[in-house]
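Subject: Structure handover

Hello,

Here is the structure for you to look through. My notes on it follow below.

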Amino acid sequence: MLEVIALNAEDTLAAARGGADRIELVGTMDQDGLSATVKQVQHIREVSDIPIRAMLRDRDGFTPKNVSELASGARDLVDAGVEALVVGWVREGEFDTHTLAEVLHDVPECEITIHRAIDNVADYGAGWKKILQLPQVTSVLTAGSATGVDTGMENLLTQAVDPRIADLMMIGGGLRLEHIDRLKAAGIRKFHVGSPVRGGNFAQPIDVRLVEQWASAIS
């Protein structure tokens, strides 16, 4: 399964043509990615039915700025037709299930991806134990480390021994094509890319040929 970061309808069409299975819709890549908007979703739905997972994040880092506004945004994005929300916060070094519950209170039916908040907790294994208790979680975007897959590879492989975790893992963050075979051998089947399908720069459009290369590598 290949997920590609998209910012607009043009990105979405390029990702779909290249063989992406779904998009992670981000409002802007400022501060490592902030919330998608209803208008973005509407524009994409005019041209594509590809599954959309929408970012819900209102500031840099992994603490919320305004929980009530995030909760309102969650409802609006779900009503607009996104497949799932991309969320996750950290409090005092632990995965923050309290904020998560507040933000998702009005959308208990919605699937969620936990983004790289999991890579920013003090104890990676303990973070996974909390996540496994959350029934809405269907993917967890992780590099195994806040600094990327190269550093986090052993964490990824250690946790992937549990098939429940391997099934949820979606690897992204410094991911390169040469990582894929080792991760697939561990039972991981979900992968997430952004700048690697844009020639390394989010200022560039998505290159269909690069998406095709990634889709082929993970198939």
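Which residue stands opposite E3 in β10? H192 does.

First, the basis of these notes. This is a predicted model, in which local features need pLDDT of at least 70 and side-chain atom pairs count only at pLDDT 80 or more, while totals for chains, interfaces and linings use all residues. Residues are numbered from 1 along each chain as its sequence is written, and side-chain values use heavy atoms, with hydrogens and water left out.

Strands around β10

Strands (E, at least two residues) and helices (H or I, at least four) are DSSP runs numbered from the N terminus. Two strands count as paired if DSSP finds at least two bridges between them. By that rule β1 pairs with β10 in the parallel sense over 3 bridges. Strand β9 (residues 169-171) also runs parallel to β10, joined by 2 bridges, and I171 stands opposite F191. From β9 the chain crosses through helix α8 (residues 180-185) to β10, and this β-α-β crossover is right-handed; that is, with the strands pointing away from the viewer, the path from the first strand over the helix to the second runs clockwise.

In a regular strand the side chains alternate between the two faces of the sheet. In β10 (residues 190-193), K190 and H192 are on one side and F191 and V193 on the other, all of them buried. Buried means under 20% relative accessible area, with exposed over 50% and partly exposed in between (1.4 Å probe, protein chains only).

Strands around β2

Strand β1 (residues 2-6) is parallel to β2 over 4 bridges, and V4 has I23 opposite it in β2. The chain goes from β1 through helix α1 (residues 9-18) to β2 in a right-handed β-α-β crossover. β2 is also joined by 3 bridges to β3 (residues 52-55), which runs parallel to it; there, E24 has R53 as its bridge partner. With helix α2 (residues 38-45) between them, β2 and β3 make a right-handed β-α-β unit. R22 and E24 point one way from β2 and I23 and L25 the other, and all are buried.

H115

Where is H115? It lies in the loop between β7 (111-114) and α5 (124-131). H115 is buried, because its relative accessible area is 4%. Leaving out residues up to four places away in sequence, H115 touches M55, R57, F62, V86, V87, G88 and L141, where contact means heavy atoms within 4.5 Å.

Regards
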